[in-house]
Amino acid sequence: PPHHPFCVEISLSTCEREIIPLETWCISFDDSIADSTQRVRFTIYNRMSTVLRSLLVCTRATPAYQLSRRQSPEKYIICYKMYSGEPIVSHLGEHYAKKTIGSIVTPIGRFVLNVAYRTKLTITSTPIDSGT
């Protein structure tokens with residue numbers, strides 16, 4: 001079966017019930033790129049731990065983390081949404097950035113961790129659907 005990426009979208013929700021998407025994190029798997037010579041026990045575990053440490057560092061450098069440190073119910077709160085499928089980045093505005101945090105080739109395929117984030121916070125927001 002096809003492997004759908006797993007995404008986490010981080011958004012800012014204002015007290016006026018508006019939502020502003022800030023970041024989209026995505027982990028994907030591509031089985032067309034594999035390396036059967038990779039030793040799962042050492043090489044892949046070491047690379048995975050490096051990617052996870054990089055993830056921790058990168059989450060501290062993106063806009064959502066900086067805003068989350070100042071959130072309060074009177075101003076805004078940070079929310080997230082998880083979904084399976086291609087990452088949605090069009091709502092991040094024209095000037096968004098996309099970075100690859102890490103890529104690990106394994107005997108069964110390649111795992112890739114990406115983030116796309118808003119670079120300009122002077123934006124118009126979208127009202128929250130009251131059914132969600």
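These are my notebook entries on a few things I looked up in this predicted model.

**Entry: Gly 109**

I started with Gly 109 and found it in strand β5, which covers residues 109-118. Is Gly 109 buried or exposed? Its relative accessibility is 0%, so I put it down as buried, the cut-off being under 20%.

Next I wanted to know which residues Gly 109 touches beyond its neighbours within four places in sequence. My list reads Phe 29, Asp 30, Asp 31, Ile 33, Ala 34 and Ile 104. I also checked Ser 36, which sits 73 residues from Gly 109 along the chain. The C-alpha atoms of this pair are 9.0 Å apart.

**Entry: the nonpolar core**

How many residues make up the largest nonpolar core? I got 16, and the ones touching the most other members are Leu 12, Leu 22, Trp 25, Leu 67, Ile 101 and Val 115. Then I noted which elements give two or more residues to this core: strands β1 (6-14), β2 (18-30), β4 (96-106) and β5, plus helices α1 (40-59) and α2 (63-68).

**Entry: cysteines**

I searched the whole structure for disulfides and came up with zero. I looked at Cys 15 and Cys 79 anyway. Cys 15 has a relative accessible area of 44%, so I wrote it down as partly exposed. Cys 79 comes out at 26%, and therefore also counts as partly exposed.

Notes. Residues numbered from 1 in each chain as written. Predicted model: local features only at pLDDT ≥ 70, side-chain atom pairs only at ≥ 80, totals over all residues. Heavy atoms only, no water. Helix = DSSP H or I, 4+ residues; strand = E, 2+ residues; numbered from the N terminus. Buried < 20%, exposed > 50% of the residue type's maximum accessible area, 1.4 Å probe, protein only. Contact = heavy atoms within 4.5 Å. Core = buried A, V, L, I, M, F, W, Y, C linked by side-chain atoms within 4.5 Å. Disulfide = S-S within 2.5 Å.
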